Amino acid sequence: MAVNLSVKNVSEALATKLRERAERNHRSLQGELMAILESAASDPQMGRANTLGATYDTGPAARASDGLLDRLMAIAGGRGIDTTKRLTRDQAHDRKVLRKSGV
């Protein structure tokens, strides 16, 4: 049985940050809130009672993976792949363009 929850008196600034975060993650506001709640509920350290400085981050979700792109670029560069070329999404999916660009 599903339960409906309601959060009251949310500041406009926080609501704006949550909407922006949802957009970055290609989710609805409802979907983003569900993802935040699921993450908080599955992490035993998050939101513990009587913990000084306990906060919930509403910043970009990509922070945890910031180093991943750097590692992938280093691996690609180490294999002789030109990492200076930037392709559009359409170009990246077009095999003819990839062959011509030498990627």
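**Ground rules.** Residues are numbered from 1 along each chain as its sequence is written. Since I'm looking at a predicted model, local features need pLDDT of at least 70 and side-chain atom pairs count only at pLDDT 80 or more, while totals for chains, interfaces and linings use all residues; side-chain values use heavy atoms, with hydrogens and water left out.

**Entry 1: salt bridges.** I looked for salt bridges (a side-chain nitrogen of Lys or Arg within 4 Å of a carboxyl oxygen of Asp or Glu). I got 3 salt bridges. Arg19 pairs with Glu12 at 3.4 Å, N to O. Next I checked cover, where buried is under 20% relative accessible area, exposed is over 50% and partly exposed lies in between (1.4 Å probe, protein chains only). Glu12 is exposed at 55%, and Arg19 is partly exposed at 43%.

Entry 2: Which side chain does Arg21 meet in a salt bridge? I found Glu32, at 2.6 Å from N to O. That pair links distant parts of the chain, with Arg21 in H1 (residues 12-24) and Glu32 in H2 (residues 29-42), 11 residues apart. Helices here are DSSP runs (H or I, at least four residues), numbered from the N terminus. Arg27 also bridges to Glu32, with the closest N and O atoms 2.9 Å apart. Through shared partners, Arg21, Arg27 and Glu32 make one network. Buried or exposed? Glu32 is buried with a relative accessible area of 0%, Arg21 is buried at 12%, and Arg27 is partly exposed at 40%.

**Entry 3: helix H1.** I noted Ala15, Leu18, Arg21 and Ala22 as the buried residues of H1. Looking down the axis, I see the buried residues of H1 within an arc of 125°, so they line one face of the helix. The arc uses the directions from the helix axis to the C-beta atoms. An α-helix has 3.6 residues a turn, so residues three or four places apart point the same way. On the face turned away from the buried side, I find exposed Glu12, Ala13 and Glu23. H2 is included in what covers the buried residues of H1, with contact meaning heavy atoms within 4.5 Å. Just after H1, His26 has a positive phi of about 55°.

Entry 4: Val3 sits in the segment before H1. I have Val3 down as exposed, at 65% relative accessible area.

How values were computed:
Helices (H or I, at least four residues) and strands (E, at least two) are DSSP runs, numbered from the N terminus.
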